[in-house]
Amino acid sequence: MSAIFDFSSLLTVLLLLICTCAYLRDLRPTMFDGGQALQPGETRLKRTGVLGFFWKMSRIGERLSPYVGASCVVMAINLLFLK
């Protein structure tokens, strides 16, 4: 069964995506910026498309890291012992 149709698998995929994006951004902070630089008068970069989505996932992983880590532990226990 596809991970899209099973809620538990969908949560697992989202948690892995958040953790992976946060780890990659920690290794290379400019990875998800798309090679853009701030133009005069701009206050922030426009992050759109797939790289913008990955950037948002990495921000979730950075800002909510204790909760994401606890969710990963709970999901691992669920997958290892309850399924």
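**Talking through the helices and the core**

Modeller: Ile-77 sits in helix H3, residues 65-82 (helices are DSSP runs of H or I, at least four residues, numbered from the N terminus). Bear in mind that this is a predicted model, where local features need pLDDT of at least 70 and side-chain atom pairs count only at pLDDT 80 or more, while totals for chains, interfaces and linings use all residues. Residues are numbered from 1 along each chain as its sequence is written, and side-chain values use heavy atoms, leaving out hydrogens and water.

Colleague: Why does Ile-77 count as partly exposed?

Modeller: Buried means under 20% relative accessible area and exposed means over 50%, with partly exposed in between (1.4 Å probe, protein chains only). Ile-77 comes out at 44%, so it is partly exposed.

Colleague: Which residues make up the largest nonpolar core?

Modeller: Leu-15, Ile-18, Cys-21, Phe-32, Trp-55, Met-57, Val-68 and Met-75, 8 residues. They are called a core because a nonpolar core is a set of buried Ala, Val, Leu, Ile, Met, Phe, Trp, Tyr and Cys residues joined through side-chain atoms within 4.5 Å. At least two core residues come from each of H1 (7-27), H2 (49-63) and H3, and H1 gives the most, with 3.

Colleague: What does Cys-21 touch?

Modeller: Leaving aside residues up to four places away in sequence, Cys-21 touches Phe-32, Phe-54, Met-57 and Ser-58 (contact means heavy atoms within 4.5 Å).
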